[in-house]
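Please keep the sequence and the structure in view while reading.

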Amino acid sequence: MDAPQGPAFLVVNDPVVGRSITPLTSGQRVAIGRAPTNTVVVHDERASRFHAEIFPTSRGWMVRDLESRNSTQLNGLAITTDHLLASGDTITIGHATLVYGEGDTPTAQTVSADRPAPAAAPAAPPSIRRPAAEGSAMAGQSAAIEAIREQIDRVAATKATVLIRGESGTGKELVGRAIHEASDRRGGPFVCLNCAALSETLLESELFGHEKGAFTGATDRKIGKFEAAHAGTLVLDEIGEMSPAIQAKFLRVLEGHPFERVGGSTRVQVDVRVVAATNRDLEAAVTAGTFRRDLYFRLKVVEILVPPLRRRPEDIAVLATHFLERFAAETGRRLRGFTPAAIEALEAYRWPGNIRELRNCVERAVVLAQREWIDVDDVALTQLAVAGDTGKVAPSAGPFTPMSIDEMERRHVLATLEAVGGNKTKAAAILGIERSTLDRKLAKWARV
């Protein structure tokens, strides 16, 4: 394929990151889309991951739509075939515009001062935000997601501690990342830690670091997550699983006091924004005495509630398509989408595992699908009930027996454990709680 004669360039107007210049190099294609591997990355949920491309021919530079979901427009008209570009042509993808130019590649300042300004990108709607992590669960169009985006916008510019609450798998960590990316700390580190995955000793070491010889196996000094996140953001998931001793030390750091590494005496001062996340009922934990009241109020400066997927069904198709494009690109499968019957099945399902379960379901379908459209039989949905939110009233098994909520919980948990043959991991999954939470409940009841 012959390259066109003469240099050319694109003036890219992105509603999130602003204006930039992309030179067009002879013999090279320019990929455009939402995926970070593209030459031009478009920060707009309306754009497909691999939306369009510009490529050289002997006649000149051509633009091609890559079967995008929302089309590529050239000078205001959607294109379905390859089009030859002329200087001044405007390509529109979502709310981003790319203006084609010929001649020496200018700088952004030159374009602003010496050339006629390209058509301005339309004002970004409320749903356009600084991109979060790849595979972001922030994709969606429901009122609940729009409200969360607005909360993120308001809180990101502040230094306030944020408490994110929601069921397991709803994307709480991604909300934390979105806060970081929208804040003035986005150039700093973004660090995550799951507090439920570690014992008390290991959690203390992971948070605050340790000195060489502090305990058996501490062969070198190690900095903790607080030091690693200096000038950035630290997201602590399952904050309710911290022991009282760790809670006390954690509270002092939140209040701005320096801390010491485990086994050390040097005082360490850090500048870290903390975002905490939990799926636990912290108010009940405070009442029960397992979570510090002062820490609870210190964390709950700003609270963001992430609703389960079953309560925002209008986001299911959007998320499923998002994951389909991602996994199809990763595996090289050429899949056109979901059949209407498959979408109907996905939207009717209760999603006890929330977005994490949807992501895994779509990945499995992409890998195993034998046709270009994913159908109902490609989407393997479980019969697992949603803990506490089935939408159905269970039939009465006998005469009503008045009892406390605590006793009702104890009977339900023990009955679930018995039904799965004593498998605690499976019982915890059905109940929608962490395995460590189940162990703690069983230990409490054993002491009674």
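## Overall make-up

The secondary structure of the protein chain comes to 14 helices and 20 strands, where helices (H or I, at least four residues) and strands (E, at least two) are DSSP runs numbered from the N terminus. This is a predicted model, in which local features need pLDDT of at least 70 and side-chain atom pairs count only at pLDDT 80 or more, while totals for chains, interfaces and linings use all residues. Residues are numbered from 1 along each chain as its sequence is written, and side-chain values use heavy atoms, with hydrogens and water left out.

Of the 448 residues of the protein chain, 45% count as buried, a term that means under 20% relative accessible area, with exposed set at over 50% and partly exposed in between (1.4 Å probe, protein chains only). Among contacts in the chain between residues at least 6 apart in sequence, 65% join residues at least 24 apart, contact being defined as heavy atoms within 4.5 Å.

Strand 1 pairs in the antiparallel sense with strand 2 (residues 18-24) over seven bridges, pairing being assigned if DSSP finds at least two bridges between two strands. These two strands form a hairpin with three residues between them, and Val 11 has Ile 21 as its bridge partner in strand 2. Strand 1 also pairs with strand 11 (residues 96-102), again in the antiparallel sense, over six bridges; there, the bridge partner of Val 12 is Leu 98.

An open sheet is formed by five strands in the order 13-14-17-12-18, with parallel pairing. Its edge strands are strand 13 (190-194) and strand 18 (302-305), each of which pairs on one side only. From one strand to the next, the twist averages 20°.

Strand 13 contains Leu 193, which counts as buried because its relative accessibility is 10%. Leaving aside residues up to four places away in sequence, Leu 193 touches Leu 198, Leu 203, Glu 206, Leu 207, Lys 225, Val 235, Leu 236 and Asp 237.

## Packing of helices 12 and 13

Helix 12 (residues 405-419) and helix 13 (residues 424-431) pack at an angle of about 130°, with their axes 9 Å apart; axes are lines fitted to C-alpha atoms, for helices over the stretch in contact, and angles run from 0 to 180 degrees between N-to-C directions. That angle makes helix 12 oblique to helix 13, since angles under 35 degrees count as roughly parallel, over 145 as roughly antiparallel, 65 to 115 as roughly perpendicular and the rest as oblique.

At the contact, His 412, Val 413, Thr 416 and Leu 417 in helix 12 meet Lys 424, Ala 427, Ile 430 and Leu 431 in helix 13. These residues divide into five nonpolar, two polar and one charged (Ala, Val, Leu, Ile, Met, Phe, Trp, Tyr, Cys and Pro count as nonpolar, Asp, Glu, Lys and Arg as charged, and the others, Gly among them, as polar).
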